Amino acid sequence: MNQNLYEILGVETTATKIEIKSAYRKAALEHHPDKGGNEEEFRRKNEAYEVLSDDEKRKVYDTELNRPKPVNRGLNMFGMFGNLFKFVQKAHKEFQKERPVSYEKFVSLEQICRRETVSLRITRDRLCGCQIRDNGPCDECSGKGYTVSTKTINGNLSSIRMNCTPCRGTGKKIMYCNRCREKSGIVDSPKTIQFDISPDTLDGYRFLFPGEGNQGRNTLPGDFIVVIRLQPHTYRIDSQNLVYIRETTLKEALCGYTEYLHHPDGRRFRISVESTSPDKPCVVKGYGLTTDGDFIVRHSVSFPNLSEEQKEQIARIL
Ligand SMILES: [Zn+2]
Ligand SMILES: [Zn+2]
């Protein structure tokens, strides 16, 4: 009989506090043992009401209710709220992934343009294999996995079940091996991951490696994220174009020049400029970040200091 707390009280999951209270009153009258009601049924109604009438507890319970559950693991509705809490904590731990690890990988524009495959040696925390071995029951909790303590809540004495600390709720004696003793059951696990960089994976691009991050004692392995960082380079990236600012002398600007340039992917190409001005770039089609873009040479023209004589000569020519 796997009724949830709402079904036990006979209310909708959207029921208001007033509706819950009224359903409980009705049920309490009907099932009160003093009035010939079923004691077990009365206890269940009380427990359901205890959770659903408390905003905080109801919130925790609703979260748990909406969480997908593995087969054969029903909620234990019939224990005390302490049990529910223990279950919730346990369930959270069982399904929670460890927080992701982010790693910044610096790459050069040359590597990007050459579309290199990058290999990265990473070291993650993993649960040591010795933790699975059966070393007999835990001394602290005699194998139960929990300890019981009493506490006064709202004037009522309640017993609370807590996960046993030494065995971490497993009920099994934990004996660390030499490999993991220092980190209490956790070992460093190295692995090499690979990813392909390209003009599509520029600064800030993230590669996600699900489950390749750290694993905690009670968590599933988290994700590993590689964030691409582009090393400083001499170009400006403008969409698919590569913009190169060239220091150009006044003579080159006026008389033209020929020069060999290197594309970051390793290609060598020649530009021949007849005469130019700072607002007239030289565009090499198809030599951009990708073949869809262009290589654009902008000129930063430096003007020389001229003597009076030189000025006269130039004035005559122009
Ligand atoms: Zn224990
Ligand atoms: Zn070990």
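Predicted model: local features only at pLDDT ≥ 70, side-chain atom pairs only at ≥ 80, totals over all residues.

Residues are numbered from 1 along each chain as its sequence is written, and chains are lettered from A and ligands numbered from 1 in the order in which they are written.

**The whole protein**

The protein has eight helices and 13 strands; these are DSSP runs numbered from the N terminus, helices being H or I with at least four residues and strands E with at least two. Of its 318 residues, 16% are buried. Two residues are in contact if their C-beta atoms, placed from the backbone, lie within 7 Å. Among contacts between residues at least 6 apart in sequence, 63% join residues at least 24 apart.

**A sheet of four strands**

V283 belongs to strand β12. An open sheet with mixed pairing holds four strands, in the order β8-β9-β13-β12; strands pair if DSSP finds at least two bridges between them. At the edges stand β8 (235-238) and β12 (282-284), each with a single partner strand, so one side of each has no neighbour in the sheet. On average, neighbouring strands here are turned by 30° against each other, direction ignored; the axes are lines fitted to C-alpha atoms.

Strand β9 (residues 241-249) runs parallel to β13 (residues 295-302), and eight bridges join them. Strands β12 and β13 run antiparallel and are joined by three bridges. Some residues that face each other across these pairings are listed here.

| Residue | Opposite residue in β13 |
|---|---|
| T249 | S302 |
| C282 | V297 |

Leaving out residues up to four places away in sequence, V283 touches D294 and I296. V243 is 40 residues from V283 along the chain, and their C-alpha atoms are separated by 9.3 Å.

**The helices and their core**

Now turn to the other end of the numbering. A nonpolar core is a set of buried Ala, Val, Leu, Ile, Met, Phe, Trp, Tyr and Cys residues joined through C-beta atoms within 7 Å. The largest one has 14 residues, of which L5, L9, I20, A23, Y24, A48 and L52 touch the most other members. Helices α1 (5-9), α2 (17-31) and α3 each give two or more residues to this core. Not counting residues up to four places away in sequence, A23 touches L9, G10 and V11.

Helix α3 (residues 39-52) has 14 residues and should span 20 Å at 1.5 Å a residue, which agrees with its end C-alpha atoms being 20 Å apart; the expected span is 1.5 Å times one less than the number of residues. Its buried residues are R44, K45, E47, A48, Y49, V51 and L52.

H31 is found in helix α2. With 19 other C-beta atoms within 10 Å, H31 is partly exposed. Beyond its neighbours within four places in sequence, H31 is in contact with G37, N38, E41, F42 and K45. H31 and F42 are 11 residues apart in sequence, and their C-alpha atoms are 5.3 Å apart in space.

Technical notes
Buried ≥ 20, exposed ≤ 12 C-beta atoms within 10 Å, placed from the backbone. Axes fitted to C-alpha atoms, helices over the stretch in contact; angles between N-to-C directions.
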